[in-house]
Structures are given as structure tokens and as C-alpha cells.
Amino acid sequence: MPLPLGTGRDTMSDLVHDMGRGLAGTALRQSVLARDSGQWDRAHSTVRRLAGQPAALHPAGANLFRGAPAVAYVLHTADHPAYRDALDQLDDALTTLVRTRLANAHRRIDAGKPARTAEYDLISGLTGLGTLLLHRGRHPELLEDVLRYLVQLIQQSVTVNGEEVPGWWSADGPSGRPDPAWPTGHGNFGMAHGVAGPVALLALSTRAGHTVAGHHQALTQACHLLEQRAHHLPNGSAAWPETVTLDAWINRSPATERPGRPSWCYGTPGIARALQLAAIACSRTSAQRLAEEALTACVTDPEQLARVDDATVCHGWAGLCLATARSAADTSPGSALRRTLPSLRSRFARYAAEHPMPGAAGLLTGADGILLTLHTLDPPCSVVTGWETCLLLN
């Protein structure tokens, strides 16, 4: 299957090659279901639509969830012989993209400037591209270059307004753009746009046998960071702020007395899973206990669950349940976290049945992610594709 590649950026209105919000997310869902059922007609039809337009490779616009990398992720997950030629075609182009993004990042580091969020995060940055490389398994040397960059990001500090902050501190506001309301940038703890993403990738790479110099030390440092920055709630559990200002970072003050929405992207489910993975990778029992207890408290707290107001992967029930299920799988049989799963699955399924599906496609904010997660968490089903690697949950 020939696959046209474009050198320009995708426009924001072009969702054909968007895995998070568009047709590529539909192709991912259909491919996973096709691998289970053996019925490939719908998946092939959607992939042909993906191949009908050039997939962007511009360094400023191509990432795990958009453009050629998103298409590569979908085709690799599908694992169908018909897609092998297209994947081979994508590999060389993606290698050039990753090397360009790494070179830009190292120039920024050498200049002593803080990072933009999109340089390193899961959705738009090098963590996402590293996730694709881990999933693809074809270029271990390039994956190791990304891992070395992430180790440096975690271990080295940067100076902002005369204060020393971590290397993952963002020069942007939480929107991902410079913001006068956030003149000194922000620290982000979340899985989608913050430090939890790099931490989870380093941990999952360890699990897969890919490590670089300083890897273990970076994971240990990340565990210490997330242990120290957890704030204790009135009910005795712990949570992390979604974002922090420079003043809050310096003064170690919690952003709020209440935890944020229990979402995969910014909230406790994603952060706790990243900490659990890191703790397992570097045998830090206290950090693993904190992660699992915080997540258990989160998903059994009526006040927190009342804030879940949609069914999607990014912000809603699908992401909450999937993060909990993958975290529970790494606990002992009979653990408190495992015992929460039947009730959570039931609440998710009930919510999805009682509310209309989003009108949009896509894995993160559309119907595809909801339907795929329902399928994955259905006990009679056995989904072994590892599609949720793009969420850094497994």
C-alpha cells in the first residue's frame, strides 16, 4: 500500500491523520477489533482513506497523535501483512523526524533555556515519538537517543527567573503556548503534557529491556520527586497538582486542597500509573505503595468520581478505568485496587449506555476511544495488541 508523505504541517481542521481526534483513531479501533474477529473489511477501507492524503512530517506538526507518526502507530498496531510496505516507507522518514526533533532539543538545552511543552511531552513531543519507537521495535538505537534525552531532562535543572527548576519545567502556560498569566512558565505533573509521560516511557522501556546510562538514577529521582510533591488530603489519601506556578514550586505549596479531576491526562490515574511503573522498575517499595494507595483512594472517593463528567479516554471514564485496570494488573491478587475494578467497569459501561456518544471520532476525545476501551475491558475479550502503549499505560 503506497503512502504519500507531506513535508508541510497538517492544518488544525484536517483530522484525517489525527489519532486523538480524528480518522486515525477510528482506524486504530477498527484494526484492534479486526485482529480479534478476523474481519478486516472496515479497517482496510479506513486505512485506504488515510493513505489517500499526504501524511505530515513537518517537525512542528508531526507527532505521535498527528501526521505520519500517528499513521505508523496505527499500522504497526494493526500488524497486517498488507501494511508492511507502508510501514517500511514510514520508517526512514520517521527516523529523520526524530533526529531533527532531538537536534532542536539539544540546541535548546545547550542554550540553557527552559523547554516548550511540545518539545518533550507525550501528545506532541519526543516522549510521544519515543513511545512510537518502543511500540514499533525497529530502531533501538534511535529509541536510546530519545531515552538519553529524557534522562537528561529529568536529571538536569534549568534556571527560570533566578530560580533552579527541573529540566522538564515548561516555558509555556498550561495551554502549551506562552501566556502572560504564566510569565515564568509552569510545572506540569500530568501524563499527557507533563513529567509523568517521560517517567512512564523510561519505566516501560526498562520493562522492555531498553536502558541507557543514568536510566535507573533518573527513575529513582522521579520516584523521589513524585513522593515529595504529593500532597496529603483531608481524607488521608494523596494527590498531585495538575500544574504549579514558580512560586508554588519554590514554596512547596499545594495548588489546591482538593485533587483535580481524576483523569488519565492530568489527574491521579495517569500520574499514579507512571509512579507505579517507575517504582517497579527501580524497586522502590515506598513509591509503589504511594502510587497504588493514591489511585485506590481516588477511584473509591465519591467526591472525586462525581467530577467525571464524560466517557472519553482523555478526561473521562474510559481513561480512568483503563489506567486503573493496567495499574491493578501489577498488584498482588486480591489487592484493594483489583477489588475496585468490577464496580468501576460497571459505572463506566452504565455511563456510556446512558449518555450519547461524542459526535467526533478519535481515540482521546471521541467515540473510538470509548468503544475501544469498553471492548478491551470486557472480561470475555482478550485484546493482546498493546494498543494502549500510546497512553503509556502498558
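This is a predicted model: local features need pLDDT of at least 70, side-chain atom pairs count only at pLDDT 80 or more; totals for chains, interfaces and linings use all residues.
Residues are numbered from 1 along each chain as its sequence is written, and side-chain values use heavy atoms, with hydrogens and water left out.

**View A. Helix H11, residues 268-281.** Helices here are DSSP runs (H or I, at least four residues; strands are E, at least two), numbered from the N terminus. Twelve of the 14 residues of H11 are buried, so the rest of the structure largely encloses this helix; buried means under 20% relative accessible area with a 1.4 Å probe, protein chains only. Among the elements covering those residues are helix H8 (196-207) and helix H12 (285-299). Just past H11, Ser283 has a positive phi of about 55°.

**View B. The largest pocket, with about 1100 Å³ of space.** A pocket is an open set of points on a 1 Å grid over the protein atoms alone, where a 1.4 Å probe fits, with protein on both sides within 12 Å along at least five of seven lines; lining residues have an atom within 4 Å of a point. There are 37 of them, and Ala60, Asn63, Ala118, Ile123 and Ser124 sit nearest the centre. H4 is the top contributor, giving four residues.

**View C. The second largest pocket, with about 330 Å³ of space.** Of its 19 lining residues, Pro166, Gln221, Leu225, Arg229 and Trp249 are closest to the centre.

Definitions and conventions. The expected span of a helix is 1.5 Å times one less than its number of residues. Buried means under 20% relative accessible area, exposed over 50%, partly exposed in between (1.4 Å probe, protein chains only). Contact means heavy atoms within 4.5 Å. Grid points are joined across faces, edges and corners, and a volume is the space filled by probe spheres set on the points.
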